[in-house]
Amino acid sequence: MCKHIYCVIIVCCINSFFSSLLFGQDSLQQKIALKEITLDAARIKSPKKILPFALTYKTFPQTQINNAQNSLQDYLQGIPGLFAQNTQNFAQDLRLSIRGFGARSAFGIRGIQLIVDGIPETTPDGQGQLDNLPLGLIQSLTVLRGPASTFYGNAAGGVIQINTLSDFKDNFVRFRAQGGSFSSSNLSATVGLKNNKTKAVFYQNLSQSDGYRDHSRYKQQVFNTRIWHDFSSKSKLSFQFNYTNSPYAYDAGGINLQSVIENRRQARPQNKSFKTFESIKHIKTGLQWEKNFGKNLIFSSYLFYANRDFKGRLPFEFGGLVDLVRDYYGGGAVVEYQPQEYHRIQFRVSFADQSDHRKRFKNIAGEAGDITLNQKELFDNKSISLLDEYRLSFGILRAGLRFDRQKLGTNLVDSKTNLNVVNYSLGFTYTNLVDHIFFASFATSFETPTLSELSANPFGEEGFNPDLTSAQARNFELGWRYNSSFGQLETTLYDIRTKNELISYELEDFPTRTFYRNAGKTNRKGIEVQWELRKKGWHWLASYNYAAIEFDDYQLEEKNLSGNKLPGIPQQQFFASLSYNFSNGLGIMSLNQYCGSIFADDSNLNKISPYFLSNLKAWKSLNDFEFFAGINNLFDRKYNDNIRINAWGKRYYEPAPMRNFYLGMSYTL
């Protein structure tokens, strides 16, 4: 099927190419003259359509009445190549993968860089979490759908850049209340203030739920503030602060197929007896400054600090109670110089330090027993990079080079490991075909094991797992963008080769504790298609991706798994949504998703069936009030919210909720 799709796309591209040659040409300068939003996810700000990289850009209304604001997944739907799981288990957090990067994660995000308001949310070692995101403030997001270590360094198999509310005309105060199935509630208040030179946004949120499954309730509060001040038209300062407190999020655990059939809402018995849960307190603050020195020189810099206090209980005794205190901080400076109107150069330096103090105790029925591990883990990163953009009359050429120096180790081992990595990228966009734009790019990336993955030592010894090493990837992609009265169409073909792929697994002695190993090489080929049309009150969106991701060289003990599919990733995904806004303030939206089959293990012996989901949303604006409601899983389908890869005892399944609903209202002063 994949070969047939490739042929269709290539034929379309050839036809469009010759049609454009016959009927007209246009220059890059004329194209850029059109009003278009510029994006900086690829560092140098440029209009989206001329960037030589596959990316998706989405915006959201200020009031967000068409979003439930329970998970980042509400904002990521319809992005080809991106797969999300674990939207209901708040003890494990949303699990995201882009073209297979991040699929190994047992909790949080791995292999993907997360940037919030210009400040890294991903730690230097490549760990990311979403529990502290102010979802109700998200104004836009950009997703780079491919390796981008030239721009972001470690663990940049893809990039998710989030920008919160900053664009508002008048002062406002907004209250929002939402309730729904499983005794869930979501309350928030947002305040926006501004004068001639200063503006600020304050946000407070409280959410909680009993959860769909037994032993899955959670409670969380998030406070977020941003302040901007313009010293002049050429000098700007911004400040951000985030505080998150989640006193409890219980984990129902993975269960086997027989348990799902008996009662899909049940928790794994051991998870209840060991009282598995997590508790988090998270603080993050950042400062950014930008200064224009004349017309051709821009300087910007940033500093940030974050502290995370984590306590968790796992469903086994030895080392089953975790106490982790994490401090990480960093900064950077950027100089962008434009020697000619058509030429821009960007020079960037950055540093980031991470210190994890990890303690493990015996879990005695949910109480702390004897200590089994007490170590400090360190990760230090320093980088320097150079980007060059050259605009021609018929296109744009981009080149990048980055050097990363990393040092990691523990206080229990004298020696420290030094990792020096060089990454590069090259991209070209051809723009001289009227409404057709073609691009091609080549980029490399690398991904070190995270400190938590290294500390999960299957040999039972202190220090790091000595067998783990960094993964590396090379990505080539070819794309076509087409803009017409029938909407915007983007198609991308990609080929990615990786080595030392990081794979998660479990052991019989430590069920539900995740360990990691390297898996030789993988080969990833795929196609991503996205189409969008806005016309009057209508909004159509459709996307499709086909991914052939398999092990190219993987020997596991006596088994040769070369040729097997990478677990945890569907081969096909399709998404389609349709919404209409009536003139009287009424709106309605239908969202439909198909997810293909997924393998749950490296051996490909356990295959999870595909599923189709439909959600329905409606909203109504009435003066200062807005009312909204939604039905999830409209047709009451049985599917899984998460698949635990290589789980011991075939406990792969975390069942998803059946049909459920939410409703609420907001009031703006």
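Modeller: Taking contacts in the chain between residues at least 6 apart in sequence, 64% join residues at least 24 apart. Please bear in mind that this is a predicted model.

Colleague: How many helices and strands are there in the chain?

Modeller: The chain has seven helices and 41 strands. Its radius of gyration is 24 Å, close to the 26 Å that the globule rule gives for 669 residues, so the chain is as compact as a globular protein of that length.

Colleague: What does the C-alpha trace span along its principal axes?

Modeller: The spans are about 70 × 60 × 55 Å. Of the 669 residues, 57% count as buried. The chain exposes about 28,200 Å², and carbon and sulfur atoms supply 56% of that area.

Colleague: Let us move to the rings. How many aromatic pairs does a search of the whole structure find?

Modeller: The search finds 25 aromatic pairs. One of them is F60 with Y75, which is edge-to-face, at 5.0 Å centre to centre and with 80 degrees between the planes. F60 lies in the loop between β3 (55-59) and α3 (73-76) and Y75 in helix α3, so the pair ties together parts that are 15 residues apart in sequence.

Colleague: Are F60 and Y75 buried or exposed?

Modeller: Both F60 and Y75 are buried. A further pair, Y302 and F304, is stacked, with 6.4 Å centre to centre and 15 degrees between the planes. Y302 and F304 are both buried too.

Colleague: Which residues do ring pairs link into a cluster?

Modeller: W538, W540, Y580 and F582 are linked in that way.

Colleague: What about S579, where is that residue found?

Modeller: S579 is in strand β33 (residues 572-581). Its relative accessibility is 6%, which is under 20%, so S579 counts as buried. Not counting residues up to four places away in sequence, S579 touches G537, W538, H539, I588 and M589.

Colleague: Which rings have a charged end sitting over them?

Modeller: The charged end of R43 sits over the ring of Y152, 4.0 Å from the ring centre. Likewise, the charged end of K194 sits over the ring of F168, 5.6 Å from the ring centre.

Colleague: Where does W228 lie?

Modeller: W228 lies in strand β15 (residues 218-232), and at 12% relative accessibility W228 counts as buried. W228 and L287 are 59 residues apart in sequence, with 10.0 Å between their C-alpha atoms. Leaving out residues up to four places away in sequence, W228 touches L165, S166, K197, T198, K199, A200, V201, L237 and S238.

Colleague: I also marked Q178. Is Q178 buried or exposed?

Modeller: Q178, in strand β12 (residues 172-180), is buried, with a relative accessible area of 7%. Apart from neighbours within four places in sequence, the contacts of Q178 include A68, N70, F628, Y662, L663 and G664.

Colleague: Finally, the backbone. What is phi of Q64 near?

Modeller: Phi of Q64 is near 55 degrees, a positive value in a residue other than glycine. Q64 is in the loop between β3 and α3 and counts as buried, at 0% relative accessibility.

Colleague: And N623, buried or exposed?

Modeller: N623 is exposed, with a relative accessible area of 75%. This residue is in the loop between β37 (611-622) and β38 (625-632). Phi of N623 is near 55 degrees, again a positive value in a residue other than glycine.

How values were computed:
Residues numbered from 1 in each chain as written. Predicted model: local features only at pLDDT ≥ 70, side-chain atom pairs only at ≥ 80, totals over all residues. Heavy atoms only, no water. Helix = DSSP H or I, 4+ residues; strand = E, 2+ residues; numbered from the N terminus. Buried < 20%, exposed > 50% of the residue type's maximum accessible area, 1.4 Å probe, protein only. Contact = heavy atoms within 4.5 Å. Phe/Tyr/Trp six-rings, centres within 6.5 Å; stacked < 30°, edge-to-face > 60°. Lys NZ or Arg CZ within 6 Å of the ring centre and 35° of its normal. Rg over C-alpha atoms; globule rule 2.2 N^0.38 Å. Areas by Shrake-Rupley, 256 points an atom, 1.4 Å probe, with all protein chains shown as cover.
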